[in-house]
Amino acid sequence: MKVSSIKENTIKSDYSMGKVILSALLAVSFTTAIFGQPMAPKAVGPVPTENQLRWQKMEYYAFIHFSTNTFTNQEWGYGAPEDAKLFNPTNLDCEQWARVCKESGMTGIILTAKHHSGFCLWPTETTAYSIKNSPWKNGKGDIVGDLAKACRKYGLKLGIYISPWDRNNPSYGLLDADGSAPYVKNIFRKQIEECLTKYGDIFEIWFDGANGGDGYYGGINANRMIDRKTYYDWKNTYSMIRKLQPKIVIWNDNGDRADLRWVGTESGYVGETNWSLLNATGDVPEDMLRYGVENGNAWVPGEVNTSIRPGWFYHESEDKRVKNLPKLMETYYKSIGRNGTFLLNFPIDKRGLIHENDHKEAVGLANAVKEAFAVNLAEKAKVSATNSRGKDKKFAPENVLDGNTESYWSTDDQTKSASLTLDFGKPTSFNRFTAEEYIRLGQRVKAFKIEALVDGQWKELKDQLVSPDRPGTTTIGYRRIITFPTVKATHLRFTITDSKASPLISGIGVYNAPQILVPPTIVRDKSGTVHITAGDRESELYYTIDGSQPTTSSKKYAGPVDTDGNKVTVRAMAYDVASKKSSDATEEIYDIARKDWKIVSPGNAKSVIIDGDVNTSWYRDKDAPSPDDLVIDLGKMQSLTGFRYFPGDRSGGVITHYEFYVSKDQDNWTMVSSGEFSNIINNPFLQIKNFDQTEGRYIKLRALKTSGGNTGYAELDVVTK
Ligand code: FUL
């Protein structure tokens with residue numbers, strides 16, 4: 001032990017006292033002040049600001065996506081072709097949004113005040129492309145203002161999304177002779193200023209990473225690329241923001257480190273290892289966004305953003321694709337349960353409301369979370385630790401159960417590995433464990449394990465939401481939740497196996513959450529045969545193929561069902577005989593079967609593209625000769641009205657810009673649809689494009705641009721009349 005560390009941990013180490021006193025000091029705890037209280041631990045590495053702490057405690061809040069896109073069925077508006085007059089909700093009610101969010105247990109709402117199209121939801125002075133020129137309230141409305149009022153009424157905080165990319169503004173992407181950007185100085189900052197000064201406190205501002213590219217800048221269709229790190233002069237933009245709203249947190253995915261980080265995916269999870277640290281400068285590859293940086297030099301915690309539907313904006317075709325309770329619960333565990341916050345999006349529908357299906361699922365999640373964490377079994381247990389800092393109560397293990405997030409159990413400075421044991425007094429069933437670090441003094445724990453004493457034997461409990469090739473129980477941070485199959489045990493042992501410094505644990509919890517029945521998966525293969533799979537082994541499965549609601553009186557699934565190549569709507573539910581509970585129903589709508597389909601070219605393309613399974617993909621090599629076409633023979637003439645493209649994994653390469661052709665004979669082709677698959681890189685889900693009815697036997701999907709790598713296809717399908 002170095003003397004310097006003794007000095008650090010004692011009030012004035014008096015070297016003149018000599019060796020005898022020094023050895024006496026060594027005999028007591030290194031962390032105990034002479035004649036007094038034990039010394040509080042010192043901060044380790046970067047620590048959160050008060051703003052970041054306040055934000056982290058908000059845990060769960062809403063995103064709201066609403067714009068002209070809602071009325072044009074788009075994910076990204078192009079910026080001018082969509083007239084402001086299209087924005088005309090029939091029944092807009094910001095109070096309904098706030099009410100739904102409140103009932104869903106959320107603490108705030110972030111609104112897309114301006115999305116990439118440039119259309120503004122408040123009466124801005126900076127552009128005519130706003131609700132001022134829409135028919136809604138004869139151009140006299142202000143949605144940001146209405147939402148600010150509704151949030152105040154329901155005790156929610158308000159956040160603002162202002163897209164840096166503006167596909168409408170004439171000056172976007174242009175530079176003045178001195179190298180400065182007129183759009184940034186005169187439009188973008190002005191818009192931020194308007195939103196941050198007219199509507200009261202704003203808790204978070206969101207600057208999306210999609211930036212530059214094609215648009216209709218001032219009506220001119222052009223491709224304007226910018227350097228997203230330098231173009232916006234973030235440093236000055238940030239200082240203006242902090243002056244206007246000193247309590248705000250800034251989310252930015254554009255190079256300059258702000259207060260919060262994206263977690264590298266829009267699918268709704270952050271890494272099970274999740275450091276709230278990054279490096280203040282330098283590039284941030286995807287795995288750093290996901291896992292953070294253990295020894296990063298800046299506190300930049302992760303926010304998990306995902307939509308309750310496949311898309312961010314409302315599409316009627318997704319009314320039945322709202323995420324169900326098991327999926328939302330999993331996202332909860334993989335965000336809040338992994339040291340992140342959870343930002344769940346509601347697309348506002350054409351009426352101007354959160355759709356009832358979304359409302360139902362979100363409230364379902366709130367109830368399930370309440371139920372799962374209603375009783376903390378640890379509170380009735382006796383707690384003991386292998387090591388504590390000093391002898392008094394200040395850092396005692398009991399602090400993890402006092403419900404006070406400002407008190408904590410800590411070991412002495414030399415101990416980085418220690419156990420805390422809960423004795424329940426009798427065999428007790430549980431399936432969830434939670435732990436919280438006192439992050440004001442830095443994030444410390446690098447790895448831990450939990451064990452249950454079952455019939456006198458210690459048994460390790462593994463996190464069932466972590467894939468076996470990843471280390472399971474690593475970081476904790478603000479909160480970690482571990483889920484595992486129910487065990488009945490007399491004791492639980494929580495062992496911190498590695499930590500940057502003495503661990504500081506402010507809370508632990510042990511719960512017995514009710515099981516949630518997972519709805520089945522439905523797949524129809526190329527021949528038209530339907531396969532239904534349960535999420536667990538024990539449930540019975542019931543289904544219908546006429547679109548009606550399945551019940552236990554419907555057909556019981558006993559093996560693959562032939563649908564004879566017809567268009568069908570299959571619905572299926574799982575039923576647990578013991579509890580007599582049914583899951584929600586899964587619904588899949590199928591067009592004509594693909595049994596007579598053949599892939600004409602490329603010759604090496606695999607039939608997985610038309611096998612009905614979105615988990616199997618084929619990737620065309622990026623060096624294959626152009627054009628990048630996929631041609632399919634449908635076997636006979638069909639009346640086509642659209643196509644569906646399901647991309648493969650985004651890391652393999654996805655199509656971002658396309659043309660789609662139909663032919664009767666493979667010689668004469670008619671282009672029936674073209675454009676972009678907006679936001680497909682960040683959110684690679686099913687893309688549906690409709691077109692005017694066209695007769696044909698052959699289809700061709702041409703990839704004009706891809707996301708860089710190969711061209712990936714999980715599924716290609718058609719929509720027929
Ligand atoms: C993305 C955007 O491009 C989407 O449209 C959406 O706003 C999402 C939250 O961020 O990257």
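**Figure 1. Terms and numbering for the close-up views.** Helices (H or I, at least four residues) and strands (E, at least two) are DSSP runs that are numbered from the N terminus. Residues are numbered from 1 along each chain as its sequence is written, and side-chain values use heavy atoms, with hydrogens and water left out. This is a predicted model, in which local features need pLDDT of at least 70 and side-chain atom pairs count only at pLDDT 80 or more, whereas totals for chains, interfaces and linings use all residues.

**Figure 2. The domains of the chain.** The domain assignment, whose bounds come from an automatic or database source, gives domain 1 (50-371), domain 2 (377-511), domain 3 (521-590) and domain 4 (598-720). The C-alpha centres of domain 2 and domain 3 lie 41 Å apart.

Figure 3. A cavity is a set of points, on a 1 Å grid over the protein atoms alone, where a 1.4 Å probe fits but cannot get out, and its lining residues have an atom within 4 Å of a point. Grid points are joined across faces, edges and corners, and a volume is the space filled by probe spheres set on the points. Among the residues that line the largest cavity are L53, Q56, K57, E436, E437 and R440. While α3 (50-58) and β15 (418-437) each supply at least two lining residues, α3 gives the most, with three. Domain 1 and domain 2 each contribute at least three residues to this lining.

**Figure 4. The second largest cavity.** This cavity has a volume of about 120 Å³ and is lined by 15 residues, of which Y161, D208, E266, W312 and N679 lie nearest its centre. Its lining divides into six nonpolar residues (Ala, Val, Leu, Ile, Met, Phe, Trp, Tyr, Cys and Pro), three charged (Asp, Glu, Lys and Arg) and six polar (the others, Gly among them).

Figure 5. Polar contacts are pairs of N or O atoms within 3.5 Å; a polar side-chain atom of D208 lies 2.7 Å from an oxygen atom of the ligand, and one of H115 lies 2.8 Å from an oxygen atom of the ligand. For N682, the distance from a polar side-chain atom to a ligand oxygen atom is 3.3 Å. The protein covers 99% of the 300 Å² of accessible area that the ligand has on its own, with areas computed by the Shrake-Rupley method with a 1.4 Å probe.

Terms used: 1 Å grid on protein atoms, 1.4 Å probe; cavity = no way out; pocket = protein on both sides within 12 Å on 5 of 7 lines; lining within 4 Å. Polar contact = N/O pair within 3.5 Å; in protein donor to acceptor, adjacent residues only side chain to side chain.
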